[in-house]
Amino acid sequence: MSSIQYLRPANVADACELLATHGSESQVIAGGVALIPALKLGKNRASCLIDISKALGPGSITREQDYVRVGASATLRAIGQSPVIQALFPIITDMERALYDVQTRNRGTIGGNLCYAGRSGEVAPVLAVLGAQLEIASSRGVRIIHVADFFVSHRVSALAPDELLVAIRLPYPSPGTSGAYCKEARRADHSPIANVAVLIDYGAETVSIERAVLVVGGIEDVPTRAKEAEALLAGRAIDAALVERASAMVARQFCAAPGRGVPPAFIRKALSLLSGKAISLAIDRCRAKTKDPS
Amino acid sequence: MKQALTLTVNGDDREIFVEPTRTLLEVLRYDLHLTGAKGSCEIGACGSCTVMIDGKAAKSCLVLAGQAQDAQIVTIEGLAKHGTLHPLQQSFLDNFAVSCGYCTPGMIMAAKALLDENPDPSETEVREALVGNLCRCTGYVTIVDAVLAASKAMQDSEGELAR
C-alpha cells in the first residue's frame with residue numbers, strides 16, 4: 001500500500017475538487033474497515049486515497065424540519081448510541097447491533113457501508129424501507145436522490161466518480177409506523193447471507209395494517225422489495241397465519257436467486273424465519289407505540 | 001510518499017516520518033517500538049491489534065497512519081502507571097486469563113473501552129464487547145471472569161476512595 005497517494009482535504013469543496021481531478025483512479029476512504037482489507041488483499045487497486053474524515057467531520061445527527069439528517073461519516077456505533085435514532089428508528093439500532101463487532105462499528109461509517117454497495121450491505125435494506133434520501137455533493141453542486149435509485153448492481157452505485165455522499169435524510173416516521181431488521185450470517189460478526197428489513201404502518205388505527213414495506217438484502221445484486229408479501233399484508237388485520245403466509249411468500253420470491261455456496265433450501269428457510277421475525281417485531285413495536293392492548 | 005505526521009500515543013505527541021498509508025499497527029510496532037498491539041490476521045478479523053482511538057476500541061490493522069492524526073491513541077503500554085499494573089492487567093493474571101498471551105493486549109484494550117463506558121457490565125455485555133477478539137487457548141471463560149472481576153475491583157476501589 002506504500003505506493004498509494006494519500007490526500008486529506010479540509011472541507012467538502014476541496015474533497016469534491018480532488019475527486020473531480022483524480023476521478024476513477026481515486027478511492028474515497030471513510031472508516032476504511034472494508035477498504036483497507038481490500039487494498040491489502042489486492043482486491044482494490046486505487047492509486048490515490050481521498051480521506052474525507054476531516055472534510056465531513058464526525059458526522060452529526062440532527063433533527064431538521066422534515067427529516068433526521070445523519071452525516072455520512074457518522075460511525076455505525078455513534079448512530080446506534082444516538083438517543084434520536086433510538087427513539088425514532090429502532091430498526092436502525094437492530095441493524096447496528098447485528099453489525100460485526102464493536103471495533104468495526106466504532107470505525108465503520110454509515111456512508112461507507114452504503115457506498116460500498118455490496119449485495120450483503122447491512123445499511124441498504126434498512127434505509128430502503130425507511131425511504132431515505134441521500135445528499136450527494138460534487139463540484140457541480142448538491143443533488144438529492146432516493147436510496148432506491150442509489151443501488152445499480154453488486155458494488156456499483158449511482159455515485160459518479162466525482163461525487164461524494166455527504167448526508168442521509170431519514171423522514172420522520174408517522175405515529176403508527178415502526179420497523180425491524182433481522183439477519184442471518186455464518187457467524188454473528190460476519191456479513192449477512194440474507195437480511196430482511198420491514199416497515200409496518202398501522203395508520204391512524206391499529207386494527208389493520210395500512211402499508212407494509214419489506215426489503216430483502218444479500219440475495220439479489222441490489223436490495224429488493226418483496227412486493228407480493230407487501231400487498232398481502234396491506235389492508236389486513238394481523239394474525240399469526242397472515243405473518244406465516246407473508247413469510248412464505250418472501251421465501252418463494254427469492255428462492256430462485258443464485259445461492260453463492262449456500263443451498264437454496266437454506267436460503268428459503270432463512271428468509272421465511274427472518275421475515276416472520278421482522279414482521280412480528282415491527283408489529284409489536286407499532287402496537288407499543290399506539291398502546292394497542294391486543 | 002512519506003510525510004511528517006504527529007500521533008498522540010499514550011499522552012505523548014510523537015513525530016514520525018512515514019507513508020500515511022501504512023497502518024497504525026505497523027507504525028506503532030516498527031516506528032514507535034510499541035509492540036504490545038499484535039499483528040495477526042491483518043484484515044480486522046482477530047482483534048489482537050486492538051487499541052483505543054479517542055476512547056473507543058479500534059483495530060489498528062484497519063486504520064491508516066494518516067487517519068490516526070489528531071486522535072488520542074492509547075495502547076496496552078499506556079495502562080500501567082508508575083510500575084503498577086492496571087486492574088484489568090492484574091485481573092487477567094489473577095484469573096489465569098492468559099495462556100499464550102498473543103490475544104491478551106487486544107482483549108484488555110477492548111475490555112478497557114467497555115469499562116470506561118460501562119463500569120458495571122453484565123456477563124453478556126462483556127461477551128458482546130469481546131466479539132471482535134479471538135482467543136484460541138482459553139475458551140474465553142477465564143477472560144470473561146477476569147473482566148468481570150476487574151470491573152468489581154475498580155468499583156470497590158472507587159468506593160474506598162470516595163469514603
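Predicted model: local features only at pLDDT ≥ 70, side-chain atom pairs only at ≥ 80, totals over all residues.

Biologist: In what order do the four strands of the open sheet in chain A stand?

Modeller: One reads the order of neighbours and the sense of pairing. Here the order is 11-12-13-14 in chain A, with antiparallel pairing. Strand 11 (177-185) and strand 14 (224-225) of chain A each have a single partner strand, so they stand at the edges and one side of each lacks a neighbour in the sheet.

Biologist: Over how many bridges do strand 12 and strand 13 of chain A pair?

Modeller: Strand 12 (residues 192-201) and strand 13 (residues 211-217) of chain A are joined by seven bridges in the antiparallel sense. Within this region, A:Asp201 lies opposite A:Arg211 of strand 13.

Biologist: Which strands of chain A does helix 9 touch?

Modeller: Helix 9 (residues 123-130) of chain A packs on the sheet and touches strand 11, strand 12 and strand 13, its direction making about 15 degrees with that of strand 12. Helix 12 (residues 264-290) of chain A also touches strand 11, strand 12 and strand 13, but its direction makes about 155 degrees with that of strand 11.

Biologist: What is the phi of B:His33, and where is this residue found?

Modeller: For B:His33, which is not a glycine, phi is positive, near 55 degrees. B:His33 belongs to the loop between helix 1 (24-31) and strand 3 (50-53) of chain B, and is exposed at a relative accessible area of 60%.

Biologist: What of B:Asp54, and its phi?

Modeller: B:Asp54, likewise not a glycine, has a positive phi of about 50 degrees. B:Asp54 sits in the loop between strand 3 and strand 4 (56-59) of chain B and is partly exposed, with 47% relative accessibility.

Note on methods
Residues numbered from 1 in each chain as written. Chains lettered and ligands numbered in written order. Heavy atoms only, no water. Pairing = 2+ DSSP bridges. Helix = DSSP H or I, 4+ residues; strand = E, 2+ residues; numbered from the N terminus. Contact = heavy atoms within 4.5 Å. Axes fitted to C-alpha atoms, helices over the stretch in contact; angles between N-to-C directions. Buried < 20%, exposed > 50% of the residue type's maximum accessible area, 1.4 Å probe, protein only.
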